[in-house]
Amino acid sequence: MEKPNTKSIWPCVEYYLVLCLAKGQTTETVRGKLSDLKTFHQWCIPLKVTTIDDIDLDLMDDYMGYLHQYRQLVNKKPIGLSHKRNLLTAVKVFIKAMFTKGLVKTNKLEHIELPSVGRPLPKALFSVKEIELILAQPLMFGVKGIRDRVILETFFATGIRRIELLSLVLDDVDFSERLLRINHGKGRKERIVPISTRACEWLAYYVSKIRPQLAFIGTDDTLFIANNGKPYLPNKLSEMSARYVKLGGIKRAGACHLFRHATATAMLDNGADLRHVQEMLGHASISTTQIYAHVSRKQLGKVYNNTHPSAQSDSGLFN
């Protein structure tokens, strides 16, 4: 892979994105980096910042100020802290790569101070009763509705990410052992997770009866295929999930990720160890899994009632 013979920002960005793909980063991840770096590059143009040598801490301070003052065109609201941090991180990681590849002599952004972003609690948490209501909606829509039900059932049974589900192939399901192999988790890490008997039955019916009706001669071994017999596009999968949330009469917004949240909180509510939930969800750090411990109120209540002296005392104002 040839290095660019210029230090102009955009040719270096294009080279960097090719490097990211070559390292096995997903197209979705690289697409996000492209968007973030494009935002930065467009900001640089009127300032006549043209080369990667021009990108230093002083420039990034100005960029932070711009992002702080920026208001979104649609709603006039400021950029969220997480989005702001992502925009700045994209530039930081890009310059680090340029330093590693010898295109800049020093990593001028090594000591950049990024805005602190606390871990937000998952939004739009759905109860198990609401999940079952959502799962019932696709059955009104015939063959394609059954396919949709199996997709949603797989989401809920395994807590799988959207991009992971899109990457599943037929051989990834072990029906006899009731296991699912996830080959394209974050960081390309493989994991094998249990999958419920109920979900396996839905999957077996889909593979044997429904999928052949959607497939055509050019269909590959992707497990879940769209109406055209080809793999789903990520946004189409999200639109499908969100549609069934609305059909269930639920007023809160939600799509594919709501099932992942529901899996984690339901398991913790029913006494699962945090480490087991971490393994199930494929989190690299248990601190990510701990977010769900904060919203697992049922289990907290049980522990409180079983351990706190005040909760265990029979005496009270009216005793």
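C44 is buried, at 0% relative accessibility. Buried here means under 20% relative accessible area, exposed over 50%, and partly exposed in between, with a 1.4 Å probe and protein chains only. The structure is a predicted model, in which local features need pLDDT of at least 70 and side-chain atom pairs count only at pLDDT 80 or more, while totals for chains, interfaces and linings use all residues. Residues are numbered from 1 along each chain as its sequence is written, and side-chain values use heavy atoms, with hydrogens and water left out.

C20 is also buried, with a relative accessible area of 3%. A search of the whole structure found zero disulfides, a disulfide being a pair of cysteine sulfur atoms within 2.5 Å.

Nonpolar cores were examined next. A nonpolar core is a set of buried Ala, Val, Leu, Ile, Met, Phe, Trp, Tyr and Cys residues joined through side-chain atoms within 4.5 Å. In soluble globular proteins, nonpolar side chains tend to be buried together. The largest core holds 41 residues. Within this core, I134, F155, F224, L237 and F259 touch the most other members. At least two residues come from each of α5 (128-136), α6, α7 (162-166), β2 (179-182), α8 (197-214), α9 (234-247) and α10 (257-269). Helices (H or I, at least four residues) and strands (E, at least two) are DSSP runs, numbered from the N terminus. Helix α6 gives the most to this core, with seven residues. A second, separate core has 34 residues, among them C20, C44, L59 and V91.

Helix α6 spans residues 142-158 and contains I146. I146 counts as buried, at 18% relative accessibility. Beyond its neighbours within four places in sequence, I146 is in contact with P138, W202, Y205 and I210. Contact means heavy atoms within 4.5 Å. The C-alpha atoms of I146 and Y206 are separated by 7.5 Å, although the two residues are 60 apart along the chain.

E153 also lies in helix α6. E153 is buried, with a relative accessible area of 2%. Its side chain makes a polar contact with the side chain of R198, at 2.7 Å. A polar contact is a pair of N or O atoms within 3.5 Å; within protein, one must be able to donate a hydrogen and the other to accept it, and residues adjacent in sequence count only if both atoms are side-chain atoms. Leaving aside neighbours within four places in sequence, E153 is in contact with L135, R198, A199 and W202.

Aromatic rings were then paired. Rings of Phe, Tyr and Trp (its six-membered ring) pair if their centres lie within 6.5 Å; planes under 30 degrees apart count as stacked, over 60 as edge-to-face and the rest as tilted. The count comes to 10 aromatic pairs. Y66 and Y70 form a tilted pair, 5.8 Å centre to centre with 50° between the planes. Y66 is partly exposed at 32%, and Y70 is partly exposed at 29%. The rings of Y206 and F224 are 5.3 Å apart at their centres, with planes at 35°, so this pair is tilted. Y206 lies in helix α8 and F224 in the loop between α8 and α9, so the pair ties together parts 18 residues apart in sequence. Y206 is buried at 0%, and F224 is buried at 3%. Ring pairs also link F40, W43, Y63, Y66 and Y70 into a cluster.
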